[in-house]
Amino acid sequence: MGVLINECNRSNCKFCVSSVIITNLKEINDSYGFDIGDKVILLFVERIREQLNKMDFLGRIGDNHFLLITNYNSFESQTSKLKSLFNKCVQKPFILRSGEIYITLDIGVSIYPENGRIVKDLIEAASLAIHNVKNEDWVNISFYSKELSNMIKEKTMMLNLLKKALTKQEFSLSFQPKVNSIDNRLVGAETLIRWNNDVFGNVSPIVFIPLAEENGLINEISKWIICELCSLVDRWKNIGLQYKPVSFNLSPIDFKRDDFISQFLSLISPFDVTGDDVEIEITEGALINNIEAVKNKIDTLKEKGFKFLIDDFGTGYSSLSYLKKLDIDVLKIDRSFIKDYPEKSDGIIARTITGLAKSLQIDVICEGVENEEQIKFLRSIGCNTIQGYYYSKPVSAKEFEKILQRGYLTPHS
Ligand code: C2E
Ligand code: CA
Ligand code: CA
């Protein structure tokens, strides 16, 4: 590439570097064997080569990873040129004795000289761009940009801070009351994690929980959440507060672990905590695969008295058959089904979910409830357990203690 850079400097031209990954090569190797995987690679390379000009360059830099260098005219022409080049490679299957095999590609692209003046920088920029591909097609292309680079740098920095957050004691738990809207009585609460650090301040769990899940940090964080929650519940019970069951959000990654049950039971064992005190919120996505294993885990904890709530119900998978197979206690209607009521929504989905829960004899709770109209509507359809800003935002453990003492809430308290 160095020669090309010199040449481009002399003639004032540009070129672009594409970092190309065959995303499903591992599946192909696993299903058909390495021989077939190797053949697919050879045929793929042939299909690219057929389309290249004399000055273009193609190299393999890893098992499923290639570099392609092509000349560059304009962003528009380059985008359509690369799209058409790679589409031609994947549109038709590779026909081998084992059958027809399709491949999928993720491609990050950088441009000389805008995105780097030396080889290393250009390859790095193209690799960074891959992080931003959207998984929506067989060929997914993303171009490097400064904003993207900043975003990735920020994410990397956040990840480094997240790795230290536990030892630096930067996490805390907050609690959002669950209330019976008929008599305003406190019936429970949801535990929500908070992370505060010197650099980013308060970071939303919507941002850092997925980051922890992607990077193998979630289990350590979840262990901390369970222990911290149990020690608080233990304390509340022992100082004579009238206990109310408090749920926590279980990451699907943790639920899917083979040792989930033993880990959970050993974490709670030092505390005076039972299934009457702590409930488990889990999203639908965690339940649909490997239903037998899921059922086993749920049944084991249910035998010990723990309850399961399905979080964000209705936003994920449409298959409802799992509801009949699994012994679920509560459906939690997602905020998205109530937030636009009454202005932009007639609440039909909240009504349908409540009806479904009733016919399956499962309890129902609605989250994200913010105003009186929503409360009245939910009451009219038979959903009386409410969580949302109408009653209270998530509060600190200390504040929640006071609410436990009082035992009821007034709107916007
Ligand atoms: P989620 O489990 O659906 O939690 C409900 C979210 O809605 C919370 O946001 C809560 O503060 C917010 N919320 C509640 N009532 C209202 C309302 O009336 N209006 C509005 N606008 N928002 C309301 P938060 O605390 O930012 O948590 C976001 C998500 O992060 C949670 O969604 C959950 O998926 C995840 N998360 C939070 N804490 C934990 C945790 O301890 N463990 C795991 N694995 N995930 C967590
Ligand atoms: Ca939740
Ligand atoms: Ca939710």
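1. On a 1 Å grid over the protein atoms alone, a pocket is an open set of points where a 1.4 Å probe fits, with protein on both sides within 12 Å along at least five of seven lines, and a molecule sits in a pocket if more than half of its atoms lie within 2 Å of its grid points. In this predicted model, ligand 1 sits in the largest pocket.

2. This is a predicted model in which local features need pLDDT of at least 70 and side-chain atom pairs count only at pLDDT 80 or more, while totals for chains, interfaces and linings use all residues. Residues are numbered from 1 along each chain as its sequence is written, chains are lettered from A and ligands numbered from 1 in the order in which they are written, and side-chain values use heavy atoms, with hydrogens and water left out.

3. Around ligand 1 there are 21 residues (each with a heavy atom within 4 Å of the ligand), and Gln176, Arg194, Asp311, Glu370 and Tyr389 come nearest. Polar side-chain atoms of Gln176 and Arg335 lie 3.0 Å and 3.2 Å, respectively, from a nitrogen atom of ligand 1.

4. Asp311 also has a polar side-chain atom 3.0 Å from an oxygen atom of ligand 1. The calcium ion (ligand 3) is coordinated by Asp311, Asp312 and Glu367, at 2.1 to 2.7 Å (donors are N, O and S atoms within 3.2 Å for Ca). Because Asp311 lies in strand E13 and Glu367 in strand E15 (strands being DSSP runs of at least two residues), the pair ties together parts that are 56 residues apart in sequence.

Terms used
A polar contact is a pair of N or O atoms within 3.5 Å; within protein, one must be able to donate a hydrogen and the other to accept it, and residues adjacent in sequence count only if both atoms are side-chain atoms. On a 1 Å grid over the protein atoms alone, a cavity is a set of points where a 1.4 Å probe fits but cannot get out, and a pocket is an open set with protein on both sides within 12 Å along at least five of seven lines; lining residues have an atom within 4 Å of a point. Donors are N, O and S atoms within 2.8 Å of the metal (3.2 Å for Na, K and Ca); water is not among the atoms, so sites may look incomplete. Helices (H or I, at least four residues) and strands (E, at least two) are DSSP runs, numbered from the N terminus.
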